[in-house]
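Okay, everyone, I'll talk you through one structure today, strand by strand. Let me put it up on the screen first.

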Amino acid sequence: MPTVREIEAYLYELAPKALAMDWDNVGQLLGDPEQEVKRVLVALDITEAVADEALEGGCELIVAHHPVMNCRWHPVQSVRRDTPQGRLFMKLLCGGAACICMHTNLDAATGGVNDCLAQALGLRETELLPDSDGVCRMGTLPEVMSLRDFARMASKALGGHTVRYADAGKRVYRVAVGGGACGEYADAAIKAGCDTFLTADIKYHAFLDAAAAGLNLLDAGHFPTEDPVCETLVTRLREAFPDLRVWKSARHRDVIRYELAER
Ligand SMILES: [Zn+2]
């Protein structure tokens, strides 16, 4: 059976480390590199529920997108049972589950987070969005559609979550996408001639600015826009290591809930 180190090396073939942002923290972050692996759980985040699922399922390895430590969030100064993060680390280490996190390198990689998002939305002729640090993609829809229809289609394609958007008064055809928090690349989408940009974690003023600049801007949620890559990771790992048992977390869901007033 492959070791954690060998699986990390394979994942770096899919998503080379050189593609990661300099502030990021990717690769094997917890556990024993020489541990032999029979079972792998894939999830967007390593939450306590994901850790429990992995350990109950006998997994020696969790492969996740967001770093479990020392990224822009989750600084680690101590590992103590009286903090949520410390409890998580102790659970993983004592239970013998290693963690590999492929983050901004997987955002930028061919076939990674943003190619999977573009594919889920049915974009064609997908290419890199210039001036997006190699992260975002742009492509065209099979046919022009109204923004409302596009928002509904996107919501359905990404798991039925709520989509928030600002309407710049344009019909949708040339679409840029950036999974997770890619709002900073709205100007790049405008510059590239896109009528529409779908990303996540958008603030009020960014909606206003985009609409004023002639760009339809959609916030389809952080989890829904990145989750499509998990199935791809499962497929790739199964192909590369046929003896491994690999599956996507059944318990990890978007932590954000929406409630609509009855009309
Ligand atoms: Zn993310």
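**Starting from the sheet**

When I say strand or helix, I mean a DSSP run, numbered from the N terminus: E over at least two residues for strands, H or I over at least four for helices. And two strands pair if DSSP finds at least two bridges between them.

Some housekeeping. This is a predicted model, where local features need pLDDT of at least 70, side-chain atom pairs count only at pLDDT 80 or more, and totals for chains, interfaces and linings use all residues. Residue numbers start from 1 along each chain as its sequence is written.

Back to β2 and β3: they pair in the parallel sense over four bridges. β2 also pairs with β11, again parallel and over four bridges, and there Val 40 stands opposite Val 246. Four of the five residues of β2 are buried, so the rest of the structure largely encloses this strand. Buried means 20 or more other C-beta atoms within 10 Å of a residue's own; 12 or fewer is exposed, in between is partly exposed, and the C-beta atoms are placed from the backbone.

Now β4, residues 98-101. It runs antiparallel to β1, joined by three bridges, and Gly 27 has Cys 101 as its bridge partner. On its β3 side, the pairing is parallel over four bridges, with Ile 62 partnered by Cys 99. In general, side chains in a regular strand alternate between the two faces of the sheet. Here Ala 98 and Ile 100 point one way from β4, Cys 99 and Cys 101 point the other way, and all are buried.

**Into the core**

Which residues touch the most other members of the largest nonpolar core? Out of its 79 residues, they are Leu 61, Ile 62 and Cys 99. A nonpolar core here is a set of buried Ala, Val, Leu, Ile, Met, Phe, Trp, Tyr and Cys residues joined through C-beta atoms within 7 Å. The largest share, five residues, comes from helix α5 (residues 113-120). Domain 1 (4-106) and domain 2 (110-225) both give residues to this core, so it lies between them. Those bounds come from an automatic or database domain assignment.

Take Leu 61: leaving aside neighbours within four places in sequence, its contacts are Val 4, Ile 7, Val 37, Val 40, Ala 97, Ala 98 and Ile 100. Contact means that C-beta atoms, placed from the backbone, lie within 7 Å.

As for α5, seven of its eight residues are buried, so the rest of the structure largely encloses this helix. Among them are Asn 114 and Asp 115. Just after α5 comes Gly 122, with a positive phi of about 75 degrees.

Last stop, the domains: the centres of domain 1 and domain 2 are 29 Å apart, taken over C-alpha atoms. Each domain puts five residues into the contact.

Notes: Two residues are in contact if their C-beta atoms, placed from the backbone, lie within 7 Å.
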